[in-house]
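Have a look at the sequence and the 3D picture, then read on.

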Amino acid sequence: MDEYPKLIKDATDENNQGALRAFSHTRDVEGRHSELYKKAMNDMLAERLSKYYVCQVCRYISEDNLPENCPVCGSVKAKFKLVK
Ligand SMILES: [Fe+2]
């Protein structure tokens, strides 16, 4: 994740809106994945099961809650897929 600030700055400097959106979304989604990975390790030790809803557009993951809209890309909840 250390490379995203430079990639985002370069995309901004080049006025490349597609690259800017892709790098920003990927940075946000990777941050969320890192959080969930740590939590999943603790849940596994506690034998707690969760449901995960994955945005099929940007791969953001919501735990135990199907959001109305993806907080990263804004997709509607119909774009989420349940993963158990
Ligand atoms: Fe999304």
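Before we start, a word on names: helices (H or I, at least four residues) and strands (E, at least two) are DSSP runs, numbered from the N terminus. What you see is a predicted model, where local features need pLDDT of at least 70 and side-chain atom pairs count only at pLDDT 80 or more, while totals for chains, interfaces and linings use all residues. Residues are numbered from 1 along each chain as its sequence is written.

**The big picture**

The protein has 2 helices and 3 strands, and reading along the sequence gives you the pattern α-α-β-β-β. Its radius of gyration is 15 Å, well over the 12 Å that the globule rule gives for 84 residues, so the protein is more spread out than a compact globule. (The radius is taken over C-alpha atoms, and the rule is 2.2 Å times the number of residues to the power 0.38.) Along its principal axes, the C-alpha trace spans about 50 × 30 × 15 Å.

How much of the protein is buried? Buried residues make up 8% of the 84 residues. Here, a residue is buried if 20 or more other C-beta atoms lie within 10 Å of its own, exposed if 12 or fewer, and partly exposed in between, with C-beta atoms placed from the backbone. Contacts use those placed atoms too: two residues are in contact if their C-beta atoms lie within 7 Å. Among contacts between residues at least 6 apart in sequence, 41% join residues at least 24 apart.

**The two helices**

Helix H1 covers residues 4-13, and it packs against H2 at an angle of about 160°, with the axes 8 Å apart. Axes are lines fitted to C-alpha atoms, for helices over the stretch in contact, and angles run from 0 to 180 degrees between N-to-C directions. H1 and H2 are therefore roughly antiparallel to each other; the cut-offs are under 35 degrees for roughly parallel, over 145 for roughly antiparallel, 65 to 115 for roughly perpendicular, and oblique for the rest. The crossing of H1 and H2 is left-handed, meaning that the near helix is turned anticlockwise from the far one by less than a right angle (clockwise would be right-handed). On the H1 side, the contact is made by Tyr4, Leu7, Ile8, Ala11 and Thr12, and on the H2 side by Ala19, Leu20, Phe23, Ser24 and Arg27.

Glutamate 30 also lies in helix H2. With 13 other C-beta atoms within 10 Å, glutamate 30 is partly exposed. Glutamate 30 and isoleucine 61 are 31 residues apart in sequence, and their C-alpha atoms are 9.8 Å apart in space.

**The sheet**

Now for the strands. In what order do the 3 strands of the open sheet sit? The order is E2-E1-E3, with antiparallel pairing. Two strands pair if DSSP finds at least two bridges between them. E2 and E3 are the edge strands, each pairing on one side only. On average, neighbouring strands of this sheet are turned by 25° against each other, direction ignored.

E1 is joined to E3 by 4 bridges, and tyrosine 52 stands opposite valine 83 in E3. On the other pairing, E1 and E2 share 3 bridges, and the partner of tyrosine 53 in E2 is serine 62. E1 has a covered face, Tyr53 and Cys55, and an uncovered one, Tyr52 and Val54.

**Loops and positive phi**

Glutamate 47 counts as exposed, with 6 C-beta neighbours inside 10 Å. Aspartate 64 counts as exposed with 9 such neighbours inside 10 Å. Arginine 59 has a positive phi near 75°, and you'll find it in the hairpin of E1 and E2, which has 5 residues between the strands.

Finally, look for lysine 51 in the loop between H2 and E1. Is lysine 51 buried or exposed? Lysine 51 is exposed, with 12 other C-beta atoms within 10 Å. Leaving aside neighbours within four places in sequence, lysine 51 is in contact with Asp64, Leu82 and Lys84. Lysine 51 and lysine 84 are 33 residues apart along the chain, yet their C-alpha atoms are separated by 5.1 Å.
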